[in-house]
Amino acid sequence: MNRGSGESRGGVNLPALRGYNEALLLDLLRGAGPAGLGRAELAARTGLTPQAVSKITARLGVDGLIAEAGRAASTGGKPRTLLQLVPDARHAVGVHLDRDELRAVRVDLAGRVVAESSGPLEFGAGPEAAVEAVVRAVRRVADPAGLQLVGVGVAAPGPLDHRAGAMGRVTGYPSWKGFPLRGVLEGRLGLPVLLDKDTNAGAAAAAGAWLRVAWPDADADADAGAGAGVGAGAGVGAGAGAGVGVGVGAGAGAGVGVGVGAHAGVGRGADVGPAVDPYVGGGSPTCVYVHVGTGIGAGLWLGGGVYRGARSAAGEFGHQVLLLDGPPCRCGARGCMEVLCLEAVARGDLSEAARILGEGAANLVALLDVDRVLLGGRVVAAAPEVFVAGVGAVLAARALDPARPVVALAGAGVAEGAAELALAPLFGRAG
């Protein structure tokens with residue numbers, strides 16, 4: 001994503017690639033924020049001809065996706081007309097199915113949360129109740145009727161079956177018995193669905209943080225309306241181009257776990273804070289988001305996108321062995337970081353839990369050379385200073401570069417990341 005970095009992608013002057021070029025311009029305007037960009041600058045950044053840019057922006061204007069943003073200051077010639085994205089033109093819904101909770105959000109094209117809903121959920125009980133809970137939550141946050149939603153992102157517990165025709169089967173929970181979650185939700189919601197692990201939705205969420213800094217917070221009216229909505233209603237998917245993103249918790253063990261993912265910034269700008277600053281105008285960032293929640297996993301943002309691995313199995317962060325012949329872990333091994341950290345949390349020793357988490361994160365940093373480690377989840381939220389200080393101390397002691405990596409609190413959650421996955425195709429991004 002890296003939309004604040006000035007990174008550009010080349011456009012192609014071929015009619016067959018009209019959709020790609022439209023997405024390319026939308027992506028640049030999204031990154032520019034309310035200040036907007038002129039047509040000449042769009043042409044220069046993409047390599048498209050000025051005529052092509054004019055035709056594409058005219059179509060996007062007719063669709064209501066972009067609008068004029070005033071004129072740039074004159075430098076001697078005729079002032080340039082600036083164009084900007086219209087955030088309210090489309091929306092996306094993201095749903096996070098955790099082990100014991102469901103949270104849904106609706107975001108605009110700038111990634112700002114404009115409505116949300118949450119409630120209890122027993123994911124391990126099986127798919128039927130979970131599907132019904134998702135449908136109800138989507139209908140609540142998708143009110144008012146007639147909103148145009150884009151894309152679909154579904155993050156589910158790994159391992160997942162992504163083969164053609166598998167319809168997104170959840171294979172990691174016995175009670176789900178390979179349930180085709182993506183296919184069933186598409187049928188119930190009337191929307192296309194993108195399936196992914198929750199930690200990868202988290203990885204999509206941290207990258208958008210670098211985008212999110214360009215946009216002001218949603219207004220007070222939108223925040224006041226969060227969580228309102230309606231109970232049940234007709235056709236969530238009414239209208240073309242609607243979509244929903246769903247994130248499902250990967251951990252099913254008892255107690256509090258630790259998860260890792262990189263959260264793409266669709267949260268509120270104030271939440272992102274200093275985590276964003278070093279990368280605005282910089283190069284492509286790499287990061288890992290460490291989530292202390294209901295299980296340990298990893299979401300990695302590498303090379304400008306989420307790294308999933310060939311079988312979507314990358315990121316089993318919690319099952320690295322830190323203590324040979326240590327206590328047994330639910331994965332069958334002994335001395336995994338997950339079980340050691342969980343034991344420390346259970347006995348109330350959060351400083352030790354943070355130190356263990358830091359050692360695991362330091363191993364990952366040494367292996368992948370990431371710039372930033374982002375921390376989030378319910379346990380971190382309860383004692384943020386303890387975890388930032390504890391993880392930071394370990395990383396500082398083991399870092400080869402004293403300036404990297406930087407440790408910060410994450411500003412967005414898995415539900416926001418799932419919504420960002422739903423938005424990604426509109427902007428020509430794979431997520």
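Just after H2, Gly-47 has a positive phi of about 80°. Helices here are DSSP runs of H or I with at least four residues, strands are runs of E with at least two, and both are numbered from the N terminus.

Some background. This is a predicted model, where local features need pLDDT of at least 70 and side-chain atom pairs count only at pLDDT 80 or more, while totals for chains, interfaces and linings use all residues. Residues are numbered from 1 along each chain as its sequence is written, and side-chain values use heavy atoms, leaving out hydrogens and water.

Back to H2, residues 39-46. Leu-42, Ala-43 and Thr-46 are buried, meaning under 20% relative accessible area with a 1.4 Å probe, protein chains only. They lie on the same side of H2, because they cover an arc of only 100° around the axis, taken from the directions from the helix axis to the C-beta atoms. On the other side, Ala-40 and Ala-44 are exposed, that is, over 50%.

Next, the sheet. It is open, with 3 strands in the order S1-S3-S2 and antiparallel pairing; pairing requires at least two DSSP bridges. S1 (37-38) and S2 (66-71) are the edge strands, each pairing on one side only. S1 and S3 (residues 81-85) pair over 2 bridges, and Gly-38 stands opposite Leu-82 in S3.

Last, H10 (residues 350-368) and H12 (residues 384-398). Their axes, lines fitted to C-alpha atoms over the stretch in contact, come within 8 Å and cross at roughly 40°. Contact means heavy atoms within 4.5 Å. Residues making it include Leu-357 and Ala-361 of H10 and Val-391 and Leu-395 of H12.

Terms used
Axes fitted to C-alpha atoms, helices over the stretch in contact; angles between N-to-C directions.
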